[in-house]
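Trainee: I have a model on screen and would like to work through its architecture. Can we take it one question at a time?

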Amino acid sequence: MTSLWLHESAPFAQARPLPARTDVAIVGGGIAGIATALHLANAGLDVTVLEQRTVASRASGRNDGQLLLGLGEHYHRIHGQFGAVKARVLWDFLKSNHAALRAAIAEHGIDCGLHTDGGLRLAETPHEWHELQTAAALLTEERRPHRLVTAAELAQWLPAGRGFHGALHLLGEAIVQPVQMVRGLATAAARAGASIVEGADVVSLRGDAGAFTVALRDGRSLDAAIVVHCTSTLARELDPSGLLARTVFPFRGQIIATEPLPAAVLAGFPPYAMSSNFCYEYFRVADGRFVLGGKRWSVPGEQLGILDDDGHHPQITTNLLAWVHDHFPSLAAVPFPHLWTGIMAGTPDGLPLVGALPGAPGQFALCAFNGYGLSFAFLAGRCLAEVISGETAPHPALPLFAPRRFAE
Ligand SMILES: Cc1cc2nc3c(=O)[nH]c(=O)nc-3n(C[C@H](O)[C@H](O)[C@H](O)COP(=O)(O)OP(=O)(O)OC[C@H]3O[C@@H](n4cnc5c(N)ncnc54)[C@H](O)[C@@H]3O)c2cc1C
């Protein structure tokens with residue numbers, strides 16, 4: 001069971017054979033590993049990505065392709081959770097991530113269906129509409145571009161939608177075809193000198209900083225001075241400090257999609273990054289198709305602890321279709337032939353891990369984006385590359401993401 005994006009995308013064409021040694025070995029070829037490789041290669045380091053399957057074949061190729069501001073929360077809730085100062089730092093970090101990503105997409109001519117019309121956070125209840133207004137008041141106070149859209153105005157903004165009580169339009173959000181974006185960035189990294197090796201299933205790390213041996217399942221190995229863990233929640237056992245195994249947990253998301261819709265139906269769906277119910281349901285159009293994910297909260301266990309992205313939960317599909325029926329009646333009789341799942345990585349505080357692994361000299365992590373990796377990882381990869389290459393003034397957001405916050 002693969003995603004629509006993986007199904008329709010060309011394979012990564014610049015894969016290289018395994019070298020004997022490298023300065024920096026990056027384990028994992030999702031957006032985290034590829035972003036780090038691109039920035040390290042641009043800084044002139046000798047870098048090799050070891051990817052178990054193919055570039056962007058796991059979460060980075062199975063998501064909804066939304067570049068979001070705000071960790072899937074309305075802004076006042078981020079203020080409530082982290083305090084005003086950190087909330088501003090986080091919002092600015094995400095905004096800068098999108099700007100950097102847009103610049104890289106333009107610089108490298110990556111054809112990835114980028115739409116920069118912003119995002120619509122829709123309210124499913126009067127209570128959520130009240131919260132969106134509270135968030136908007138804070139955004140106004142901080143001069144962050146947005147617009148409140150009333151239920152009556154939504155007839156123009158999202159003509160196909162029904163049963164929404166209003167929305168918040170956030171400028172700066174965007175949508176992309178994620179596989180084409182990540183493979184385009186991988187091509188740019190390869191052109192900058194990175195070796196990206198597919199079919200490289202890492203099973204163990206031995207040695208110390210400056211002299212690691214990275215062993216693959218098929219018996220091959222690579223010597224490296226530095227190792228970066230970009231395996232999301234899929235290879236926590238490779239971290240000798242145990243921090244990743246202790247801290248990062250998996251959860252599974254599920255998505256359904258139509259085939260291209262007739263023009264008359266499509267006219268009701270603008271190219272926004274859209275979500276409702278506090279971002280638990282997320283949707284957009286892509287190449288004329290309607291794509292919808294979410295509802296994991298609607299089944300017991302909320303898909304926590306699941307590492308299998310070959311399977312799916314039939315009740316979630318049923319619940320997603322019922323949601324379509326309620327909110328987009330023009331799609332009520334339209335088939336959704338595409339169905340897939342992907343594994344995300346969470347942390348107890350909802351923030352990713354970016355930086356040195358405590359108690360494991362020479363090892364770094366860039367992972368656990370809590371379901372928002374497209375929104376974080378490009379800039380986070382640059383920040384980590386700066387740390388690895390000895391940049392003396394690290395990004396001010398990095399202390400928020402330091403793995404040592406979870407050290408025992
Ligand atoms: C359904 C769904 C919807 C989502 N929607 C959005 C969205 O709209 N916006 C957003 O910002 N984020 C979204 N996300 C989250 C986003 O996709 C992830 O946060 C992001 O892709 C994580 O990137 P990554 O590189 O850390 O992990 P991955 O993409 O999972 O990459 C990890 C890589 O490590 C490799 N690997 C694992 N073990 C080994 C090993 N032993 N040796 C070598 N390689 C190994 C894997 O093969 C994989 O390619 C969504 C995720 C899902 C599942």
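Predicted model: local features only at pLDDT ≥ 70, side-chain atom pairs only at ≥ 80, totals over all residues.

Trainee: Which helix or strand gives the most to the shell around the ligand?
Mentor: Both domain 1 and domain 2 supply at least three residues of this shell. Helix H2 (31–42), strand E2 (47–51), strand E12 (249–257), strand E16 (338–346) and helix H11 (373–388) each supply at least two. With four residues, the top contributor is H11.

Trainee: Which residues come nearest to the ligand?
Mentor: There are 43 residues around the ligand. They divide into 19 nonpolar, 18 polar and six charged. Nearest come Gly 28, Gly 30, Gly 253, Gly 342 and Gly 373.

Trainee: Which strands are the edges of the eight-stranded sheet?
Mentor: The sheet is open, with mixed pairing and the order E5-E6-E4-E13-E14-E15-E12-E16. Its twist averages 20° from one strand to the next. An edge strand pairs on one side only, and here the edges are strand E5 (146–150) and E16.

Trainee: How many bridges join E12 to E16?
Mentor: E12 and E16 run antiparallel. Pro 250 stands opposite Ala 345 in E16. Helix H10 (residues 314–327) lies across both strands, as well as strand E14 (281–286) and strand E15 (289–293), at about 50° to E12. The number of bridges joining E12 to E16 is nine.

Trainee: Why is E14 largely enclosed by the rest of the structure?
Mentor: Take the two faces in turn. Glu 281, Phe 283 and Val 285 are buried on one side, and Tyr 282, Arg 284 and Ala 286 on the other. E14 is largely enclosed because its buried residues number six of the six.

Trainee: Which turn residues have a positive phi in the hairpins on either side of E14?
Mentor: Strand E13 (residues 273–276) pairs antiparallel with E14 over three bridges, and Ser 275 stands opposite Tyr 282. E14 and E15 are antiparallel over five bridges, with Val 291 as the bridge partner of Arg 284. The E13–E14 hairpin has four residues between its strands, and the E14–E15 hairpin has two. The turn residues are Asn 277, at about 55°, and Asp 287, at about 50°.

Trainee: Which residue of E11 stands opposite Thr 22?
Mentor: Strand E1 (residues 21–27) runs parallel to strand E11 (residues 221–229), joined by six bridges. Strand E10 (residues 211–216) pairs with E11 antiparallel over four bridges. There, the E11 partner of Phe 212 is Ala 224. Opposite Thr 22 stands Ala 224.

Trainee: Which residue of E18 stands opposite Val 228?
Mentor: E11 also pairs with strand E18 (residues 363–367). Three bridges join them, and they run parallel. Opposite Val 228 stands Phe 364.

Terms used: Residues numbered from 1 in each chain as written. Near = placed C-beta within 6 Å. Nonpolar A, V, L, I, M, F, W, Y, C, P; charged D, E, K, R; others polar. Domains from an automatic or database assignment. Pairing = 2+ DSSP bridges. Axes fitted to C-alpha atoms, helices over the stretch in contact; angles between N-to-C directions. Contact = placed C-beta atoms within 7 Å. Buried ≥ 20, exposed ≤ 12 C-beta atoms within 10 Å, placed from the backbone.
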